[in-house]
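Here is a short note for a colleague opening this model for the first time. Please keep the sequence and the structure in view while reading.

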Amino acid sequence: MTATALEPAGDTAMEATQTMDAMPEHMGRQTDAHGEGRTGPTTALATAGSPAAESTASLAAGSAQAPDTAASPAAAAAPELLPLRRNRNFNLLWGGAVSALLGLSTADIAYPLVILALTGSPLKAGLFATVQLIASVLATLPVGQLMDRKDRRRMLLLSESVRVVAAGSVAVAYFVGALTFWHLLLTAAALGAIQPFAGARTLLLRQVVAPEQISAALTAEQVRQQGCELAGPPLGGAMFGISRALPFLFATFAGLVSLLTVVLLKLPKSVTVAADQGDAGASDNDAAPAPTAEHGGALLGLKTIMRDPVMRATTLALCLVNTAGYPVFLSLVVRMQQHHAGSGTTGLVVAAMALGGLGGTALVKPLHKVLRPGWLLIVACLVFALTNFGMTFFAAPLADAVFLAIGGAVIPSAVVMVNVLILQAVPDEQRGRTAAALEMFLLIGMPAGMLVASATLQWFSPTATLLGLSLLMSVAVLYAVSQKALRAARWPEARQA
């Protein structure tokens with residue numbers, strides 16, 4: 001269970017303001033931050049803005065603009081903008097993301113099911129996710145720096161190619177009777193290592209639409225995210241019931257479609273790389289300042305988050321939420337298997353969180369008006385804890401689905417809070433690193449949580465495991481409530497002219 005993911009924003013402070021002001025009406029997302037988003041690592045954070053040399057307090061405040069700045073020549077030309085439905089690059093990126101995420105969501109439910117079928121060991125099923133998460137954590141910061149320095153389209157081509165090969169190899173190995181647990185662990189490592197590259201798709205998407213269309217693009221992204229995560233698990237469970245190889249064949253085909261959409265993109269180099277890469281364009285200008293370590297360091301995103309008390313409290317609270325929330329799904333899968341529930345039923349239960357998230361997008365605007373950002377996060381953590389306790393003591397698929405849907409309903413509002421307070425003012429040349437740092441915070445506790453939970457499932461009941469995870473989620477609530485800076489945080493307001 002996660003509350004964030006990555007959706008970097010436009011190139012200027014005005015774009016950031018327009019996006020932020022509209023965001024509560026349109027956004028909300030589960031956090032996987034992986035660009036494509038998944039149940040688990042995380043995943044919808046917007047970025048834009050001001051120089052890195054400013055303090056983080058200035059970053060938050062600097063993202064606001066006077067209301068009448070919208071009356072610019074660009075805004076006046078808005079009626080002449082190419083509609084998103086006719087924007088070829090946007091539709092290719094969005095369509096490719098639909099295919100990629102649907103394939104991921106379909107295969108994700110099948111990996112623990114096939115491991116349980118092969119080995120009968122919850123510990124080994126948990127090791128798959130643990131290896132995948134560790135690989136993602138190790139790759140996140142280096143990939144974040146690459147996304148600020150290298151061609152993002154090529155990086156996306158690489159990640160989609162690896163994903164196709166990984167899923168295809170599992171399907172082929174199963175058909176020839178050679179699928180082993182070690183093969184699946186290597187697949188987990190490959191999928192985890194390339195997962196941070198998926199953020200390149202969202203970075204490109206945000207650069208191929210006009211600033212005035214960012215909100216509409218984010219709305220389309222939200223529909224894509226929740227729709228795929230709603231359809232994927234039951235589809236994967238149903239396919240697994242027909243043939244254990246079928247979900248992986250589908251994921252391979254979906255990856256090929258996504259790869260084709262990236263091949264068909266026609267983008268200028270100025271779009272496929274960061275908009276302002278330190279020394280870019282400075283070779284013929286002796287007066288241009290050389291890039292500083294602050295601009296070039298891989299740890300820039302970590303510094304940005306850690307030096308601001310609100311950002312720091314937010315990310316650490318969400319780290320605890322993910323550490324306790326991610327293993328919940330494995331616990332439910334094991335419990336339903338022990339109760340002889342069908343794979344299709346398992347998929348429907350897991351999909352309930354996405355259904356709740358889809359409905360929760362309607363709560364973003366009213367919750368944004370009623371609650372300050374810190375209290376919104378505290379309420380979200382409290383809901384996660386209460387729903388975890390509910391799943392602990394009501395061991396039935398229908399009850400599990402209801403509690404997952406309730407927890408999913410508050411995720412979009414929590415995501416908006418993270419969007420506004422953390423990455424709203426980060427300029428394009430720093431987006432990859434800052435987004436990667438946030439993703440690392442969200443991921444870093446999850447391997448330990450998954451490993452401990454899978455070991456507990458090996459020797460204790462799923463109910464006992466869920467109880468321990470619920471208590472850990474309660475720690476996240478207590479931590480969030482204890483942070484004075486978080487309780488006092490306010491939504492950034494537009495400056496008056």
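1. **Ground rules.** This is a predicted model, in which local features need pLDDT of at least 70, side-chain atom pairs count only at pLDDT 80 or more, and totals for chains, interfaces and linings use all residues. Residues are numbered from 1 along each chain as its sequence is written, and side-chain values use heavy atoms, with hydrogens and water left out.

2. **Confidence.** pLDDT is the predictor's confidence in each residue, from 0 to 100. The protein averages 74, and 71% of the residues score at least 70. Helix α21 (residues 462-482) has the highest confidence, at a mean of 94, while helix α2 (residues 56-62) has the lowest, at 34. Residues 1-78 have pLDDT below 50; this stretch still has 295 contacts in the model beyond near neighbours in sequence. A contact means heavy atoms within 4.5 Å. Residues 275-294 are also below 50, with 16 such contacts.

3. **Make-up.** The protein has 22 helices and zero strands. Both are DSSP runs numbered from the N terminus: helices are H or I with at least four residues, strands are E with at least two.

4. **Burial and surface.** Of the 497 residues, 59% count as buried. Buried means under 20% relative accessible area, exposed over 50%, and partly exposed in between, with a 1.4 Å probe and protein chains only. The accessible surface is about 17,900 Å², and 68% of this belongs to carbon and sulfur atoms. The areas come from the Shrake-Rupley method with a 1.4 Å probe; for residues, only the protein chains shown count as cover.

5. **Helices α14 and α15.** How do these two helices cross? The axes of α14 (residues 309-338) and α15 (residues 343-360) come within 10 Å and cross at roughly 155°. That makes α14 roughly antiparallel to α15, a label for angles over 145 degrees. Axes are lines fitted to C-alpha atoms, for helices over the stretch in contact, and angles run from 0 to 180 degrees between N-to-C directions. F329, V333 and M336 in α14 meet T346, V349, V350 and M353 in α15.

6. **The loop between them.** H340 sits in the loop between α14 and α15. H340 is exposed, with a relative accessible area of 72%. Its phi is near 65°, a positive value in a residue other than glycine. Most residues other than glycine have a negative phi.

7. **V310.** This residue lies in α14. V310 is buried, at 17% relative accessible area. The C-alpha atoms of V310 and A488 are separated by 9.0 Å, although the two are 178 residues apart along the chain.

8. **Helices α4 and α6.** Helix α4 (residues 88-119) packs on helix α6 (residues 152-175) at about 35°, with the axes 12 Å apart. A100, L104 and Y111 in α4 meet E160, R163, A167 and V170 in α6.

9. **F197.** Is F197 buried or exposed? F197 is buried, with a relative accessible area of 11%. The residue is found in the loop between α7 (181-194) and α8 (199-207). Not counting residues up to four places away in sequence, F197 touches V143, L146, M147, M155, L156, L158 and S159. F197 and M155 are 42 residues apart in sequence and 6.4 Å apart in space, C-alpha to C-alpha.

10. **T261.** T261 lies in helix α10 (residues 246-263). T261 is buried, at 11% relative accessible area. Leaving aside neighbours within four places in sequence, T261 is in contact with L92, G96 and R201.

Terms used:
Angles under 35 degrees count as roughly parallel, over 145 as roughly antiparallel, 65 to 115 as roughly perpendicular and the rest as oblique.
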